[in-house]
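Hi everyone, thanks for making time this morning. Let me put the model up, and then we can walk through it together.

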Amino acid sequence: AAALKPRISVIGTGYLGATHAAAMAELGFDVVGVDTDPAKVELLAGGRVPFFEPGLEELLARHLATGRLSFTTDLAEAVAMSDVHFVCVGTPQQATSHAADLRFVESAVAGIARALSHDGIVVGKSTVPVGTAARLRELLGALAPEGVSTELIWNPEFLREGKAVDDTLHPDRVVIGGASPAAERVMRQVYGQPIAEGAPFLAMGLTTAELVKVSANAFLATKISFINAIAELCTVADADVNALADAIGFDGRIGRRFLDAGLGFGGGCLPKDIRALMHRAAELGALEVVGLMEQVDEINMAQRQRVVDLALEACGGSVLNARIGVLGAAFKPLTDDVRDSPALNVAAALHLRGAQVTVFDPEAGETARRMFPTLSYADDTLTAVDGAHVVLLLTEWSEFLDADPEELGRRVRARTVVDARNKLDRERWTAAGWTVIGLGTGVTA
Ligand code: UGA
């Protein structure tokens, strides 16, 4: 007989949890999302997503309407209503070290354990240092009531911000760690549609699943820092890193994706995850990983300094009182997330050196203002570049790439742009009289 459809709870409703909850409702399950923040729960329950994520608000509205999706601050009530409990809370970097702060995952698992009134599976999705899941499993075992059968498994998530809905509904693969045969059957049921669409279902041990997630992000970060190191070489050797990346990318073993040289990676995941990996690898004595990740981090941060230096150079050695127009604040396009944003980092560094920096971002203006209230913010591209001695393109929103260089040119003091993402159409910009300075793509005038 077909197993009953499991009911789902999702603990933590940030990028990961809110998207996962809505996506599970889309796959046909009854889902309750839980968060300790009443303001967030109220927004979500009212059909509003507290951050910018394309397509998520529509999905949310659809399943609030179907009645399959609800939100609450009451963890015990949510656990009582469901059979599979996804843990999607954050694991931020600790204030005083590179280690991950595990307070939220621990309290989520403890909370679920205490609230269990019938059998259920606890599924960890948060990104954690290897070894955490085994400890959480013990915690669950110690706190779960007598007579209730439960187990903890790991199911890492690979979604990207800006593409979160699509990545969740159509994952490249589903990874399940440490599941008993019964729990594996439930997970195959939960991810039935993506599996039917061809997503490989990969069952493995608990610690391997934890490490899959961390290694995937570490590899992506390494790819970016590799091409940024080559970009430095291109600069001094007078070569073009874009053409080079295209050419090596055709080798299927290398692949062109994630080989865009420029300002480097930021956001709430890659920087924090490689640092947490360094910390954990050092604890475990895996020193090669520590050295490799230190280099990846260092190369990445050097790109930010490089852009600051290019701006200084463009302004004749000092930016004191220079007007600088900054295009982009988010850590990448299609998000309003400014956590560890390279763009804001560069803007703030130039501001500290006495420049008059004006920032515009199509979506991240508000979140940026909250994080760096001392910078000036414009409401559109043209105002941002008004009277600028140099323009910096720091986040490659299509709105910037499509902007008319002639129109921008009429607003600035000097037609010099640092294209820190190597994405501008050089022919168009130079035809309009601009000097375009790239990172590993030379200077065109
Ligand atoms: C990243 C991973 O791509 C996801 O698979 C993972 O699930 C997620 O972290 C996570 O751990 O939650 P995300 O942080 O949303 O996703 O952003 P990415 O699209 O990976 O971009 C990261 C940064 O790398 C951005 O700042 C982007 O500008 C930069 N980047 C990306 C480059 O500098 N060059 C490239 O070629 C690609």
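The protein chain comes to 19 helices and 15 strands, where helices (H or I, at least four residues) and strands (E, at least two) are DSSP runs numbered from the N terminus. Its radius of gyration is 24 Å, close to the 22 Å that the globule rule gives for 445 residues, so the chain is as compact as a globular protein of that length. That radius is taken over C-alpha atoms, and the rule is 2.2 Å times the number of residues to the power 0.38.

Two housekeeping points. This is a predicted model, so local features need pLDDT of at least 70 and side-chain atom pairs count only at pLDDT 80 or more, while totals for chains, interfaces and linings use all residues. Residues are numbered from 1 along each chain as its sequence is written.

Along the principal axes, the C-alpha atoms fill a box of roughly 75 × 45 × 40 Å. Of the 445 residues, 49% count as buried; that takes 20 or more other C-beta atoms within 10 Å of the residue's own, with 12 or fewer counting as exposed, anything in between as partly exposed, and the C-beta atoms placed from the backbone.

Now the domains. The chain is divided into domain 1 (8–204) and domain 2 (298–444), with bounds from an automatic or database domain assignment. Their C-alpha centres lie 38 Å apart.

β1 pairs with β2 (residues 31–34) in the parallel sense over 4 bridges; pairing needs at least two bridges found by DSSP. Ser9 has Val32 of β2 as its bridge partner.

Next, the open sheet of 7 strands. What order do they take? It is β11-β10-β9-β12-β13-β14-β15, with mixed pairing. β11 (376–377) and β15 (443–444) stand at the edges with a single partner strand each, so one side of each is left without a neighbour in the sheet. β14 (residues 435–438) and β15 run antiparallel, joined by 2 bridges, and Val436 is partnered with Thr444 there. β9 (residues 323–327) and β10 run parallel with 5 bridges, including Ile324 with Val357. In β10 (residues 356–360), 4 of the 5 residues are buried, so that strand is largely enclosed by the rest of the structure.

Let's zoom in on Val418, in strand β13 (residues 416–419). Val418 is buried, with 29 other C-beta atoms within 10 Å. Its C-alpha is separated by 4.7 Å from that of Ile437, 19 residues along the chain. Leaving aside neighbours within four places in sequence, Val418 has contacts that include Val307, Leu310, Val390 and Ile437.

Last, the ligand. Of the 21 residues around it, Glu161, Asp260, Phe265, Gly267 and Cys269 come nearest, where being near means a C-beta atom, placed from the backbone, within 6 Å. That shell divides into 10 nonpolar, 6 polar and 5 charged residues.

Key. Nonpolar A, V, L, I, M, F, W, Y, C, P; charged D, E, K, R; others polar. Contact = placed C-beta atoms within 7 Å.
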